[in-house]
Amino acid sequence: MLYVIHAYDFTDEQAHNRRMAVRESHIAGAKLLKSSGNFVLGGALLDLDGKMIGSMMLVEFEEETQLHEWLDNDPYVTGKVWDKIDVKP
């Protein structure tokens, strides 16, 4: 099943620093998802000034439990980058 994810970053003063600290790990994870056929497309959400404020991803998993297993371990989740995460099938 396909899932669209809109994830919005925390807005505290250190939020951008946390994002940048784990960004390479997050991208590496997306590359692994791509190689396994789970990542369809995605990228950063930007505000009107071009500042990263979140992410959008379209992913595909056979089971919802697989989606949650991946999401719960994504560096943007474990690194306290994403504050609000909306997932829709």
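These are my notebook entries on a predicted model.

**Ground rules**

I number residues from 1 along each chain as its sequence is written, and I treat the structure as a predicted model, where local features need pLDDT of at least 70, side-chain atom pairs count only at pLDDT 80 or more, and totals for chains, interfaces and linings use all residues. Side-chain values use heavy atoms, with hydrogens and water left out.

**Entry: strands**

I looked up the strands and how they pair. Helices (H or I, at least four residues) and strands (E, at least two) are DSSP runs, numbered from the N terminus. Two strands pair if DSSP finds at least two bridges between them.

Which strands does strand 3 run antiparallel to? Strand 2 (residues 39-46) is joined to strand 3 (residues 52-60) by 7 bridges, and the two run antiparallel. Strand 1 (residues 2-9) is also antiparallel to strand 3, with 7 bridges.

I then noted residues that face each other across these pairs. Gly 42 is opposite Met 57 of strand 3. Leu 46 is opposite Met 52 of strand 3. Tyr 3 is opposite Val 59, again in strand 3.

Strand 2 and strand 3 form a hairpin with 5 residues between the strands. In this hairpin, Gly 50 has a positive phi near 85°.

**Entry: Leu 41**

Leu 41 sits in strand 2. I checked its accessibility, where buried means under 20% relative accessible area, exposed over 50%, and partly exposed in between (1.4 Å probe, protein chains only). Leu 41 is partly exposed, because its relative accessibility is 41%.

What does Leu 41 contact, leaving aside neighbours within four places in sequence? I found Met 56, Met 57 and Leu 58. Contact means heavy atoms within 4.5 Å. I also checked Ile 85, which is 44 residues from Leu 41 along the chain. Their C-alpha atoms are separated by 17 Å.

**Entry: Asp 86**

Asp 86 belongs to strand 4. Its relative accessible area is 31%, so Asp 86 is partly exposed. Not counting residues up to four places away in sequence, Asp 86 touches Val 4, Ile 5 and His 6. Ala 30 is 56 residues from Asp 86 along the chain, and 18 Å separates their C-alpha atoms.

**Entry: helix 1**

Arg 19 is in helix 1 (residues 15-35). Is Arg 19 buried or exposed? Arg 19 is buried, because its relative accessible area is 2%. Residues up to four places away in sequence aside, Arg 19 touches Asp 9, Met 52, Gly 54, Ser 55, Tyr 76, Val 81 and Trp 82.

Ala 15 is in helix 1 too. Ala 15 has a relative accessible area of 5%, so Ala 15 is buried. Ala 15 and Gly 79 are 64 residues apart in sequence. In space they are 9.8 Å apart, C-alpha to C-alpha.

**Entry: aromatic pairs**

How many aromatic pairs does the structure hold? I count 2. In one of them, the rings of Tyr 76 and Trp 82 have centres 5.4 Å apart and planes at 75°, so the pair is edge-to-face. The cut-offs: rings of Phe, Tyr and Trp (its six-membered ring) pair if their centres lie within 6.5 Å, with planes under 30 degrees apart stacked, over 60 edge-to-face and the rest tilted.

Tyr 76 is buried at 1% relative accessibility. Trp 82 is buried at 4%. Arg 19 touches both Tyr 76 and Trp 82.

**Entry: Lys 80**

Lys 80 lies in the loop between helix 3 (75-78) and strand 4 (82-88). Its phi is near 55°, a positive value in a residue other than glycine. Most residues other than glycine have a negative phi. Lys 80 is exposed, because its relative accessibility is 52%.

**Entry: largest pocket**

The largest pocket holds about 220 Å³ of space. Of its 14 lining residues, the closest to its centre are His 26, Ile 27, Gly 42, Gly 43 and Ala 44. Helix 1, strand 2 and strand 3 each give two or more residues to the lining. Helix 1 gives the largest share, 5 residues.

A pocket here is an open set of points on a 1 Å grid over the protein atoms alone, where a 1.4 Å probe fits, with protein on both sides within 12 Å along at least five of seven lines; lining residues have an atom within 4 Å of a point. The volume is the space filled by probe spheres set on the points.
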